[in-house]
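Subject: Structure handover

Hello,

Here is the structure we talked about.

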Amino acid sequence: MNAEEFKKNPELLIAKTIKEYIVNSPKNVLDGGPMFDEPMVGFADADDPIFQEYKKIIGDFHMTPREALESRYQRLGKWSGQPQRASVIAWILPITQDTRLSLRKETIVPSLRWNHTRWHGEALNQELSKDLVALLEQLGCQAVAPMYTDFWHEVQTPQGPASNWSHRHACFAAGLGTFSLSDGFITEKGIAIRCGSAVCDVPLAPSPMKYASHVANCLYYQDKSCRRCMERCPVGAITEQGHDKNKCMDFVFVKQREILKSLGRETGYVGRYLGCGLCQTKVPCEAGIPKKKS
Ligand code: B12
Ligand code: SF4
Ligand code: SF4
């Protein structure tokens, strides 16, 4: 693709690039089949007021898209001031049915497939982010994938860890889904997903915001008809008050591996921790936006 072609329809070409990257990647493989289905892609205006609101909703440490762009190019010594327009690119990587089915059978530790998707899938997501930034730079644009920079970090808050760049908040601004009782992000392809985001100085048409609130896709917030994720969580980290990140983190980072060992099932698992995600399968929001019973 050349710069002229790109300028004619940047939204289409970026979405196509992300989708083809995942679908065709030789690394998108798990036991002979794909790890992720075709991605969903959305865009937001970097000047959407919601990014300023995130400083109140998440914390002052959460970067706006423009702050992220500036941080990267200041560090590179290539900053020439804020561009006229900037945009956020956000994507959803849906986890395949085979992996979801394998996790449905579990009650205390993740399946091997889910564990591999956590680690190998995130490595692929990181590669996609970096290659997308490199491609945009080749086309003469400025771009950054905030999560994969040396200025990305987590802040410990009393409620648990919080990132200075949240993919899901980028995805919400790009109209890709909403949050939920379990804290997971529910999209048209469900909650069993991974996601990613980047910022660029290209003026992109924002995707429509289809949702009435930031929790619109969750049945609990619609009419309290569902609490399935609460029942799936082995440590009670999800209650009607929401998701206790500290309880979840303690289980995910520490206790789950001890349980795996005691079950004699460590063979083949990878990564610093296992992943869990039990609250994201065998739930009505697993693979789509759940429908209210009429
Ligand atoms: C820190 C972290 C964790 C921590 C804390 C989780 C958390 N929810 O913050 C721990 C270790 C516990 C964790 C666990 C898991 N994680 Co994690 N984690 C992250 C990470 C690195 C940062 C998240 C963050 O700090 N967000 C900012 C905080 C402050 O957001 P928040 O509290 O969720 O947001 C709330 C408020 O904003 C609030 N709100 C209030 N008012 C308003 C108003 C508006 C307008 C809006 C929009 C919101 C809002 O609603 C939100 C939901 O309650 C992200 C990657 C990234 N950089 O985004 C992955 C990420 C969130 N994790 C992910 C996954 C998959 C998992 C696990 C399933 C483990 C696994 N890999 O298998 C579990 C699931 C736990 C759960 N029930 O959600 C996925 C999300 C998938 C999804 N469907 O949501 C992410 C995005 C990684 C990725 N690349 O895909 N994780
Ligand atoms: S399982 Fe039910 S209550 Fe939990 S996040 Fe999904 S729709 Fe909401
Ligand atoms: S990731 Fe595991 S521990 Fe955390 S809320 Fe979901 S089921 Fe509970």
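**Charges over rings**

The charged end of R72 sits over the ring of Y73, at 5.2 Å from the ring centre. Keep in mind that this is a predicted model. R118 also lies over a ring: the face of W119, with 4.0 Å to the ring centre.

R72 comes up again through T149. The two residues are 77 apart along the chain, yet their C-alpha atoms are separated by 7.7 Å. T149 is in the loop that runs between β3 (143-144) and β4 (154-157).

**Aromatic pairs**

The count of aromatic pairs comes to five. Take F179 and F185 to begin with. Their ring centres are 5.5 Å apart and their planes meet at 80°, so this pair is edge-to-face. The cut-off behind that call is an angle over 60 degrees. Both rings belong to buried residues. F179 has a relative accessible area of 10%, which is under the 20% limit, so F179 is buried. F185 has 2% and is buried too.

Y220 and Y221 form another edge-to-face pair, with 5.3 Å from centre to centre and 85° between the planes. Are these two buried or partly exposed? Y220 is buried, at 6% relative accessibility. Y221 is partly exposed, at 39%.

W119 belongs to an aromatic cluster with F253 and Y273. This is the W119 whose face has R118 over it.

**Ligand 1**

Ligand 1 has 36 residues around it. The closest are S163, H169, D183, C195 and K245. By class, this shell holds 17 nonpolar, 12 polar and seven charged residues.

- D183: a polar side-chain atom lies 2.7 Å from an oxygen atom of ligand 1.
- H167: a polar backbone atom is 2.8 Å from an oxygen atom of ligand 1.
- I191: a polar backbone atom is 2.8 Å from a nitrogen atom of ligand 1.

Which elements give two or more residues to the shell around ligand 1? There are helices and strands on the list. The helices are α3 (50-57), α6 (112-138), α7 (167-173) and α10 (245-262). The strands are β5 (160-163) and β8 (193-200).

**Ligand 3**

Ligand 3 is surrounded by C233, P234, V235, I238, H243, C248, F251, C276, G277, L278 and C279.

**Cysteines**

How many disulfides does a search of the whole structure find? The search returns zero. A disulfide is a covalent bond between the sulfur atoms of two cysteines. Two cysteines have accessibility values to note. C218 is buried, with a relative accessible area of 8%. C276 counts as buried as well, at 9% relative accessibility. C276 is also one of the residues around ligand 3.

**Where to start**

I would open the ligand 1 site and go to D183, with its 2.7 Å side-chain contact. After that, turn to R118 over W119. Then go to the C-alpha atoms of T149 and R72, separated by 7.7 Å.

Best wishes

Notes
Residues are numbered from 1 along each chain as its sequence is written. Chains are lettered from A and ligands numbered from 1 in the order in which they are written. This is a predicted model: local features need pLDDT of at least 70, side-chain atom pairs count only at pLDDT 80 or more; totals for chains, interfaces and linings use all residues. Side-chain values use heavy atoms; hydrogens and water are left out. A residue is near a molecule or strand if one of its heavy atoms lies within 4 Å of it. A polar contact is a pair of N or O atoms within 3.5 Å; within protein, one must be able to donate a hydrogen and the other to accept it, and residues adjacent in sequence count only if both atoms are side-chain atoms. Helices (H or I, at least four residues) and strands (E, at least two) are DSSP runs, numbered from the N terminus. Ala, Val, Leu, Ile, Met, Phe, Trp, Tyr, Cys and Pro count as nonpolar, Asp, Glu, Lys and Arg as charged, and the others, Gly among them, as polar. Rings of Phe, Tyr and Trp (its six-membered ring) pair if their centres lie within 6.5 Å; planes under 30 degrees apart count as stacked, over 60 as edge-to-face and the rest as tilted. Buried means under 20% relative accessible area, exposed over 50%, partly exposed in between (1.4 Å probe, protein chains only). A charge sits over a ring if NZ of Lys or CZ of Arg is within 6 Å of the ring centre and within 35 degrees of the ring normal. A disulfide is a pair of cysteine sulfur atoms within 2.5 Å.
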